[in-house]
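Let's take a walk through this protein together, starting with its charged pairs and moving on to its surface and its helices. Have the model open beside you as you read.

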Amino acid sequence: TNFTISSPANAVIGRYNLILQVTSGNKIFSRFLGQFVLLFNPWCPGDDVYMANENERQEYVLNENGIIFVGNAKYIEARGWYYGQFQDHLLNTCLTMLDLSLYYRQDPAIDVSRRGDPKYVGRVISSMINGNDNDNGVLLGKWQGSFHSHENPSRWDGSVVILQKWRQDNYKPVQYGQCWVFAGVMCTVLRCLGIPTRLVSNFNSAHDVDRNLSIDKYYDSSGKSLNIGKDSTWDYHVWNESWFIRSDLGTSFNGWQVLDATPQEQSK
């Protein structure tokens with residue numbers, strides 16, 4: 001007898017055990033058939049991450065290589081980056097990342113029940129890419145001082161070696177990352193889980209600390225700059241966008257959604 005099993009389009013992603021149970025009269029026979037992994041599916045029209053254009057699926061889900069733009073507005077530099085989302089053991093590492101999060105530790109049942117929602121998974125992953133929450137995150141950020149005892153962020157050229165090191169060091173944050181490294185690794189993890197993802201670079205990037213949507217600079221009466229506000233402008237910043245629908249906000253918000261794994265301001 002042949003039979004087909006179809007999962008619902010909004011099913012929870014992750015590892016599954018497949019067990020066959022046959023009932024005959026008052027007898028029940030059970031047999032373990034094996035394990036499988038369920039992921040988000042951008043080819044499935046019912047999935048929240050469905051992407052209709054095949055060329056875009058090739059680029060934002062299947063492409064293992066990319067370019068990250070860094071530098072400054074007058075001198076933009078293109079760096080090659082190897083995402084490697086289909087390399088050996090990487091899927092297992094990405095699924096383990098979900099189980100190490102503070103969300104899972106606080107309430108495993110609720111956390112797992114929400115893993116069919118790319119909004120939720122995107123938030124968990126963006127928290128787990130940096131290790132600044134004491135949550136076994138992948139990378140520790142560092143912007144000042146010397147890097148001589150660990151890896152200078154500018155030396156990385158791909159995600160696979162970082163994720164492998166994280167796993168081999170028993171999920172201790174890898175030192176060090178900066179914005180493009182956080183974004184490159186997050187792109188790898190989200191593509192690995194089936195969520196279409198890309199990188200965005202922004203030059204003369206404003207960093208608003210006090211949430212008043214302006215960059216405040218203070219001067220004394222003679223015009224001398226005062227070092228009071230914590231707002232700043234960076235040469236550039238790199239973050240991610242992932243593609244999924246927003247049933248919570250309405251169809252006009254469907255499409256590319258901003259996710260930023262660089263630890264700047266705490267969010268929830």
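Asp111 and Arg115 meet in a salt bridge, with their closest N and O atoms 2.5 Å apart. Keep in mind that this is a predicted model. Asp111 is a buried residue, its relative accessibility being 2%, and Arg115 is buried as well, at 7%.

Arg115 has another partner to look at: Asp99 forms a salt bridge with it, and here the closest N and O atoms are 3.0 Å apart. Asp99 sits in helix α2 (residues 90-100), while Arg115 belongs to the loop between α4 (108-113) and α5 (118-129), so this bridge ties together parts that lie 16 residues apart in sequence. Asp99 is partly exposed, with a relative accessible area of 27%. Bring Arg15 into view too, and you have a network of salt bridges that links Arg15, Asp99, Asp111 and Arg115.

How many salt bridges does the structure hold? There are eight. Another of these charged pairs is Glu241 with Arg198, whose side chains meet at 2.7 Å, N to O. This pair links distant parts of the chain, 43 residues apart: Glu241 is in strand β10 (residues 232-244) and Arg198 in strand β7 (residues 197-207). Is Glu241 buried or exposed? With 14% relative accessibility, Glu241 counts as buried because the cut-off for that label is under 20%. Arg198, at 24%, counts as partly exposed.

| Salt bridge | Closest N to O distance |
|---|---|
| Asp111 and Arg115 | 2.5 Å |
| Asp99 and Arg115 | 3.0 Å |

Now turn to the surface. A nonpolar patch is formed there by Phe3, Ile5, Leu20, Val22, Phe29 and Leu33, which together have about 580 Å² of accessible area. Which strands each supply at least two residues of the patch? They are β1 (14-24) and β2 (27-38). Leu33 is found in strand β2, and with a relative accessible area of 44% Leu33 is partly exposed.

If you look at the N-terminal end of α1, you will find Asn53 capping it, with a side-chain oxygen 2.8 Å from the backbone nitrogen of Asn55.

Helix α6 (residues 160-168) is worth a look as well. Which of its residues are buried? They are Val160, Ile162, Leu163 and Trp166. Down the axis of α6, these buried residues fall within an arc of 165 degrees, so they too line one face of their helix. Their cover includes β4 (75-82), α2, α5, β5 (139-141), β6 (174-177) and α7. Among these elements is α2, the helix that holds Asp99. Just after α6, Asn170 takes a positive phi of about 60 degrees.

Methods:
Residues are numbered from 1 along each chain as its sequence is written. This is a predicted model: local features need pLDDT of at least 70, side-chain atom pairs count only at pLDDT 80 or more; totals for chains, interfaces and linings use all residues. Side-chain values use heavy atoms; hydrogens and water are left out. A salt bridge is a side-chain nitrogen of Lys or Arg within 4 Å of a carboxyl oxygen of Asp or Glu. Helices (H or I, at least four residues) and strands (E, at least two) are DSSP runs, numbered from the N terminus. Buried means under 20% relative accessible area, exposed over 50%, partly exposed in between (1.4 Å probe, protein chains only). Patches are made of residues with over 30% relative accessible area and no salt bridge: like charges are joined within 9 Å, nonpolar side chains (Val, Leu, Ile, Met, Phe, Trp, Tyr) within 5 Å. Accessible areas come from the Shrake-Rupley method with a 1.4 Å probe; for residues, only the protein chains shown count as cover. A polar contact is a pair of N or O atoms within 3.5 Å; within protein, one must be able to donate a hydrogen and the other to accept it, and residues adjacent in sequence count only if both atoms are side-chain atoms. The arc is that of the directions from the helix axis to the C-beta atoms. Contact means heavy atoms within 4.5 Å.
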